[in-house]
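Me: I would like to go through a complex with you. Please have a look at the following.
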Amino acid sequence: MDPAELAARASYGRLLSILAVRTHDLAGAEDALAEAFLAAVTQWPSEGVPRNPEAWLLTAARRKLVDAARRRRTQDEKHVLLQVNVGDAADGDFFGDERLRLLFVCAHPAIDAAVRTPLMLQTVLGLDAARIATALRVAPKTMGQRLWRAKTKIRDARISFDVPAEELSARSFAVLEAIYAAYGSGWEDVSGRAAASRGLTEEAIWLARLTVRLLPEEPEARGLLALMLYAEARAEARRGEDGAYIPLTEQDPSRWDPHRIAEAEAILTEAARMGRVGPLQLEAAIQSAHLDARRSGARDDRALSLLYEALVQMAPTLGVRVAHAVAVSKTEGPARGLERLDAIEPSRSDDYQPYWSARAHLLERIGRLDDARDAYDRAIGLTEEDGVRRWLLARKRALGATADVSGANRDGM
Amino acid sequence: MRYALLVYETEACVKGRDDPEYQAAYTAYIKAIYGSGVAVGGSGLQDAATTTTFRLVGGERHIQDGPFADTKEQLAGFFLIDVPNLDKALEWAARCPSTARGGIVEVRPALEQPQ
């Protein structure tokens, strides 16, 4: 991202949060801010850039908000006028930052979990609905409607921008979860496509950095940032010169980004010092252990398995359960790993690619080759990424037409 | 809710159907989409050049060789799927192996079936 884009992004969320927190009207605040930006584009070139551009934009947007209330001829014109001017310091050099409240509203329990991530991306970062829709693989029209409904609900139900102290931790987690979902949308994109259809990894990291600043006492915010930095550090190493997919265990550690890893290590250490472990810190610790193992060549399967054990206790999501099963297979053998996979309800695993991929691998290891071939097919059929698809096809091909290996001693179990 | 996934392929894509890698990817996709209990029906189609088109013009029968619309991409196959919502339908569209070779998937909601 270029510096101008970063600056615009920082301003956008900051200004919108100030406008929205006062009026509780996200859509109205967005319109007013868009008009203010438009006015800036037409006026600044001829009249010169104001000394404090953000303050100028904020004042202009406030005027637009009042104008809009006037146009609607609502009786709440006075109301709006009062709201937008409360604590007005826009003519000075400093005004506050309400983005934390904005994040919390986006993750409010009354807001559908599926719309929290897009709502955050749109309000805090100013991304447009079409871009968000493409990255999250949703129809643009549907995305527009969902965002609009959420904003209407915030306004009409007067969803509070204040978070009660007892809800702080749960709501923080919902915020972090939504940011993680944005990151996930881009992580799958191994081949690194054009910016327009790429996922939202950079945006998610930006949001996580912001959250760490806004929630300095929350170790899980740091955990999330560290986790994403570890993942990002090896993003490039996941594909070879020819674009082919390379799994973690075969990656060249010299292609990992040492700066991102160092930053992740430092942030995770800070989080750990706070003495409150959470699932995101555990996931980051697992990433850290994986990277260490590859770099040192000595994998501590026992330690990894224990980390997964703790994680599955705290957050038994589908992804964590599958990863745990794989970790178990490394310490206790593939049959025990398969048992864990078998315990997952089919209705949840039916269309979950990592489940079938893990299953295929474990079946292969215990020599149930027919079943392994079937599981590989399911995994291949559920894959969106062509690089990953080709890699799985090659693994299935490598099984050849060999019949099942009888007994379960093939893999040194 | 039922949706049709209409798969369009370019000529190059259709010509590449003999590629074993492509065939294996499609076999897997079909296994996954039926195995997940999502697909209700569907089929791959032969090359558009094999099409015969029928219509009535002013009460008169017209039968012609080839598809009625001559486009760069041709309808190459379709799936009828039953999923909870459009998001899920789009997930399946994204998994379709044709898309990695320049193909296009149209996702169209089906009309409600008369009882």
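Me: How many salt bridges are there across the interface of chain A and chain B?
Reply: Across that interface the rule finds 6 salt bridges, each a side-chain nitrogen of Lys or Arg within 4 Å of a carboxyl oxygen of Asp or Glu. The model is predicted, with local features needing pLDDT of at least 70 and side-chain atom pairs pLDDT 80 or more, while totals for chains, interfaces and linings use all residues. Side-chain values use heavy atoms, without hydrogens and water.

Me: Which residue forms a salt bridge with A:Arg146?
Reply: B:Asp87 does, and the closest N and O atoms are 2.9 Å apart.

Me: Which helices of chain A supply at least two residues each to the side that touches chain B?
Reply: They are helix H8 (140-156), helix H19 (369-381) and helix H20 (386-399); helices are DSSP runs of H or I with at least four residues, strands runs of E with at least two, numbered from the N terminus.

Me: And how many residues does the contact take from each chain?
Reply: Chain A gives 20 residues and chain B gives 21, contact being heavy atoms within 4.5 Å.

Me: What area do the two chains bury?
Reply: About 1,800 Å² is buried between chain A and chain B, 50% of it on carbon and sulfur atoms. This is the accessible area (1.4 Å probe) lost on putting the two parts together, summed over both.

Me: Changing topic, what is the mean pLDDT of chain B?
Reply: The mean is 93, and 99% of the residues of chain B reach 70 or more; pLDDT is the predictor's confidence in each residue, from 0 to 100.

Me: What ipTM does the complex have?
Reply: The predictor gives an ipTM of 0.87, with a pTM of 0.85.

Definitions and conventions
Residues numbered from 1 in each chain as written. Chains lettered and ligands numbered in written order.
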